[in-house]
Amino acid sequence: YTSTTADWTMPTLACTTKGAYVAIWTGLDGYSSDTTEQVGAEADCSGGTASYFGWYELYPAAPVDFSNTLKPGDHLDAAVTYDGAQKFTVTLDDVTRGWSHSVNQSLAGAARSSAETVVEVPANLSCAPPQTLAAFTGDTVNGSPLGGQDPVKVTGSDSHITVSAVSGATFSVSCDGSAGT
């Protein structure tokens, strides 16, 4: 795989559950390899208040947070591109706030064996009221809509999280309002 893109609106995270967070990203590798080249955004609860931030990671290196302001409701565009010779460009644009970060780095040993768009939440997340965590409208792999790539949906045991069918470059991830198990 050589590229992946995703766009979404950052959801509001209610800090009603201890350890609540939502992380949304797109990237290459990670599913079946020892490296990951990814970029995304996250909301974490601490002391009853959510903090929102963008980040990138070329694992096994540690993630790097962007210092720009990010808020719920912001529209984000993210992309990871393989530039050849073990080099990658990761880009995160906050269309709402008008900022953009593009980072070029090398990562030896990247297999480029998978492409992912991920919405990660803890199993005990309580989504009250029910909400869409992410509605993707521009999800592509190697420049083509995700739906044409025969995507594999991987989910945990969280019965309160629903992943819609993929239609072209569009799909969504929702939480039904109950607490997970």
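**Strands, a disulfide and aromatic rings: worked exercises**

Glu 42 has its bridge partner in strand E4, namely Phe 53. The model is predicted, so to speak of local features a pLDDT of at least 70 is needed and side-chain atom pairs count only at pLDDT 80 or more, while totals for chains, interfaces and linings use all residues. Residues are numbered from 1 along each chain as its sequence is written, and side-chain values use heavy atoms, with hydrogens and water left out.

**Exercise 1.** Follow E3 to the strands that it is joined to, E2 and E4.

*Solution.* 
- Step 1: Start with E3, which covers residues 36-46; strands (E) are DSSP runs of at least two residues, numbered from the N terminus.
- Step 2: Look towards E2, which is joined to E3 by nine bridges and runs antiparallel to it; two strands pair if DSSP finds at least two bridges between them.
- Step 3: Trace the hairpin of E2 and E3, with six residues between the strands, and find Gly 30, which takes a positive phi near 100 degrees.
- Step 4: Now turn to E4 (residues 49-59), where eleven bridges make the antiparallel link with E3. Glu 42 takes part here too, with Phe 53 as its bridge partner in E4.
- Step 5: Between E3 and E4 the hairpin has two residues, and Gly 47 in the turn has a positive phi of about 65 degrees.
- Step 6: Check how covered E3 is: nine of its eleven residues are buried (under 20% relative accessible area; exposed is over 50%, partly exposed in between; 1.4 Å probe, protein chains only).

**Exercise 2.** Find the disulfide and say which parts of the chain it ties together.

*Solution.* 
- Step 1: Searching the whole structure gives one disulfide (a pair of cysteine sulfur atoms within 2.5 Å).
- Step 2: The pair is Cys 15 and Cys 45, with 2.1 Å between their sulfur atoms.
- Step 3: The link between Cys 15 and Cys 45 is left-handed, with -85 degrees about the S-S bond.
- Step 4: Cys 15 sits in the loop between E1 (3-9) and E2 (21-29), whereas Cys 45 belongs to E3, so the pair ties together parts that are 30 residues apart in sequence.
- Step 5: Cys 15 counts as partly exposed, at 23% relative accessibility.

**Exercise 3.** Which strands stand at the edges of the open sheet?

*Solution.* 
- Step 1: Write down the order of the six strands, E8-E7-E6-E1-E11-E12, which pair antiparallel.
- Step 2: At the edges are E8 (99-106) and E12 (144-145); each has a single partner strand, so one side of each lacks a neighbour in the sheet.
- Step 3: Move to E1 and E11, which pair over two bridges in the antiparallel sense. Here Thr 5 stands opposite Thr 140 in E11.
- Step 4: Thr 140 lies in E11 (residues 140-141) and counts as buried at 16% relative accessibility.

**Exercise 4.** Describe the aromatic pair of Tyr 82 and Phe 88.

*Solution.* 
- Step 1: There are six aromatic pairs in the whole structure; rings of Phe, Tyr and Trp (its six-membered ring) pair if their centres lie within 6.5 Å, with planes under 30 degrees apart stacked, over 60 edge-to-face and the rest tilted.
- Step 2: Tyr 82 and Phe 88 have ring centres 5.2 Å apart and planes at 55 degrees, so this pair is tilted.
- Step 3: Tyr 82 is partly exposed at 22% relative accessible area, but Phe 88 is buried at 1%.
- Step 4: Finish with the aromatic cluster that Trp 8, Phe 136 and Phe 171 form.

Technical notes
Helices (H or I, at least four residues) and strands (E, at least two) are DSSP runs, numbered from the N terminus.
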